Amino acid sequence: MMLALRTAVLVVVGLLCGLLIDKHQLVAAIDLSPAPPQAGYLLASTLFLLPQMMEKQHAIGEAQALRKAGTGRGLAGWLQRLRLRAVPLVLSSVQDAHDRSVHLAARGFPARGEHSRLRQVADSQIQRGVRWVALLCSVLVPAAILVPFGGAA
């Protein structure tokens with residue numbers, strides 16, 4: 001039950017972040033921060049590739065439905081469909097990552113030295129306060145969930 005609640009929290013937070021946060025502003029803010037450029041690229045690629053992954057997953061599901069693969073019902077059918085979609089999706093993702101790494105290496109990623117920024121990120125007092133509250137919540141809420149309630153063992 002606790003694992004399901006944790007997973008639900010992660011899914012809801014992920015959906016909220018995907019819907020409410022401007023990806024371009026977030027990447028620009030990470031780019032301006034002292035974080036390594038690889039962290040910004042990793043976050044940006046994750047945010048921008050998720051919609052493509054969803055389209056691939058949908059296309060794989062349609063192709064398998066045409067072949068009548070994974071048509072079982074219930075939990076066993078769902079697990080079979082998940083397995084049949086996961087393998088081609090992971091393999092295509094690895095191929096995409098390989099293709100991107102070749103292009104990034106050819107362009108000298110990560111860049112050395114100073115480079116110009118195309119987008120400046122405004123940072124107000126309210127945004128800083130919300131960021132600190134979010135940081136505290138991200139530390140305290142999981143700790144509160146993981147600590148057993150009462151003394152029941």
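Guide: Buried means under 20% relative accessible area, exposed over 50%, and partly exposed in between (1.4 Å probe, protein chains only). The model is predicted, with local features needing pLDDT of at least 70 and side-chain atom pairs counting only at 80 or more, while totals for chains, interfaces and linings use all residues. Residues are numbered from 1 along each chain as its sequence is written, and side-chain values use heavy atoms, without hydrogens or water.

Visitor: Is Ala122 buried or exposed?

Guide: Ala122 lies in the loop between H4 and H5. Its relative accessible area is 61%, over the 50% limit, so Ala122 is exposed.

Visitor: What distance separates the C-alpha atoms of Ala122 and Gln25?

Guide: Ala122 belongs to the loop between H4 and H5. Along the chain, Ala122 and Gln25 are 97 residues apart.

Visitor: In which helix is confidence highest?

Guide: Confidence is given as pLDDT, the predictor's value for each residue from 0 to 100. The protein has a mean of 76, and 82% of its residues reach 70 or more. Confidence is lowest in H1, at a mean of 75. The highest mean, 86, belongs to residues 125-146, helix H5.

Visitor: Is Leu19 buried or exposed?

Guide: Leu19 is found in helix H1, which covers residues 2-20. Its relative accessible area is 70%, so Leu19 is classed as exposed.

Visitor: What share of the residues in the protein is buried?

Guide: Gln64, in helix H3 (residues 37-66), is buried, with a relative accessible area of 6%. The protein has 153 residues, and the buried share of them is 8%.

Visitor: Which residues is Gln64 in contact with, leaving aside its neighbours within four places in sequence?

Guide: Contact means heavy atoms within 4.5 Å. Gln64 sits in helix H3. With those neighbours left aside, the contacts of Gln64 are Ala69, Leu84, Arg85 and Pro88.

Visitor: Among contacts with a separation of 6 or more, what percentage is accounted for by residues 24 or more positions apart?

Guide: The count concerns contacts in the protein with a separation of 6 or more. Residues 24 or more positions apart account for a share of 70%.

Visitor: Which side chains meet in a salt bridge?

Guide: A salt bridge is a side-chain nitrogen of Lys or Arg within 4 Å of a carboxyl oxygen of Asp or Glu. The structure holds one. At 2.2 Å, N to O, the pair is Lys56 and Asp96.

Visitor: How many residues apart are Lys56 and Asp96?

Guide: Both partners count as partly exposed, Lys56 at 25% relative accessibility and Asp96 at 24%. The pair links distant parts of the chain, with Lys56 in helix H3 and Asp96 in helix H4 (residues 74-106). The separation is 40 residues.

Visitor: How far apart are Met54 and Leu89 in space, C-alpha to C-alpha?

Guide: Met54 is found in helix H3 and counts as exposed, at 54% relative accessibility. Met54 and Leu89 are 35 residues apart in sequence. Their C-alpha to C-alpha distance is 9.5 Å.

Conventions:
Helix = DSSP H or I, 4+ residues; strand = E, 2+ residues; numbered from the N terminus.
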